[in-house]
Amino acid sequence: DKLDEISKMQRIYGAKPIFSFKNSIFVSALSGSTVYGITSDGKIYSTDARDKDPRLVGAIDTALGSPVSAMYSDSANVLYVLTNKPTVWAYDPQSQSGVEILITDGSPWEIGTSIAVYSTNIYLLEPIAGKIWKHGQESSSFSKGTTYSTSKNIDALGGTSISVDGSVYVLKLDGTVVKFNHGTVDSSFTLAKPPKPTETISQATQIFSDADSQNIFILDKSQNRIIKSAKDGIFISQYTIDSKKIDNFLVNPRVQKMWIICDKDVYELDI
C-alpha cells in the first residue's frame, strides 16, 4: 500500500469484469461506448459497454492475413483493421459488412505494426524501416503512402505503437515517446518516467491519445500497468489489476472511462 501511494498506483483488487467476450481478444478498438474485440484469427465481436452483450458481427477473410492493429474512424464511421499480409480491412457497422481497402494506384500497403486514424488520413508505423506512412482518403480507396517525417524517420525506429491527435506520437519498448509536429520531431518533448521504485519500463506496447484527451496513456506489459501522463509529459498516475494480465486498453476521454482487456475479460474504471 505504501509503495502504491509513492508510485501513484491505482490498484484494482478482486475486480469482476463488466462483461466477457467468447474468445481471447488480440486487438481492440472503441467507438463511443462500443467496444470492438478482434481475435487472432480475425473474428470481430462488438458490444455497447452499457449493454454488456458482445456478439459476433464479422470476420476477416483469412486470405487477408491476421490482425495486428485496429482503430475506429469517427469521421468515416468504420473500423479499420491492419493485418500482417499486409492489408487494411474496413468493417461498416451500419451494413454489418467488411471490405478490403485498396490503394488508388494499386500499390501495396506497408508492413506496419500499428495503425492510427486522424481526420480522413490513415497512419501506419513501420518500425523496422523506421518510417511513418500517411495515406489520404480518395473516395473508397486511399492514396499511396508518403513518409510523414522530415527526419528520414530514423526517430520511428523500433516503435511499437502510434497515436495521432494532430501531433503524431511513436512509442518505443522502453517507454520513450517521440512526438512529431508537422513531420518534425519535437525535441523539447519528454515523457517523464513513473516515480521510483517503478520507473523502469521494458515492454511498452500501446499508446493512446486523441484530440479530446488532455492525457497520454501507455501500456507497460513488463509491470502490468497503464501509465497516465499529461500532454506536457508530466507523470500523473498509473493503473493495474491484481492477478490479471493486461493485454490492451481503450479510453474514452469524453466520458472519462477506461476499459481494460485481459484475455477475454473486460474491466471498466473511471480515469
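I counted the salt bridges in this structure and got 11. The model is predicted.

**Lys231 and Asp165**

I looked up lysine 231 and found a salt bridge to aspartate 165, with the closest N and O atoms 2.7 Å apart. Lysine 231 sits in the loop between β22 (225-230) and β23 (235-241), and aspartate 165 in the loop between β16 (159-164) and β17 (168-172), so the bridge ties together parts 66 residues apart in sequence. Is aspartate 165 buried or exposed? I noted 12% relative accessibility, so aspartate 165 counts as buried, the cut-off being under 20%.

**Asp212 and Arg254**

Next I checked aspartate 212. Its salt bridge goes to arginine 254, and the closest N and O atoms are 2.3 Å apart. Aspartate 212 is in the loop between β20 (204-208) and β21 (215-220), arginine 254 in the loop between β24 (248-252) and β25 (257-262); the pair therefore ties together parts 42 residues apart in sequence. I read 46% relative accessibility for aspartate 212, which counts as partly exposed. Arginine 254, at 48%, also counts as partly exposed.

**Asp270 and Lys257**

I then took aspartate 270, whose side chain meets that of lysine 257 in a salt bridge of 2.7 Å, N to O. This pair links distant parts of the chain: aspartate 270 is in strand β26 (residues 265-270) and lysine 257 in strand β25, 13 residues apart. I looked up both accessible areas. Aspartate 270 is exposed, with a relative accessible area of 52%. Lysine 257 is partly exposed, at 23%.

**A network**

Which residues do salt bridges with shared partners join into one network? I found Asp4, Arg11 and Asp242.

Terms used. Residues numbered from 1 in each chain as written. Predicted model: local features only at pLDDT ≥ 70, side-chain atom pairs only at ≥ 80, totals over all residues. Heavy atoms only, no water. Salt bridge = Lys/Arg side-chain N within 4 Å of Asp/Glu carboxyl O. Helix = DSSP H or I, 4+ residues; strand = E, 2+ residues; numbered from the N terminus. Buried < 20%, exposed > 50% of the residue type's maximum accessible area, 1.4 Å probe, protein only.
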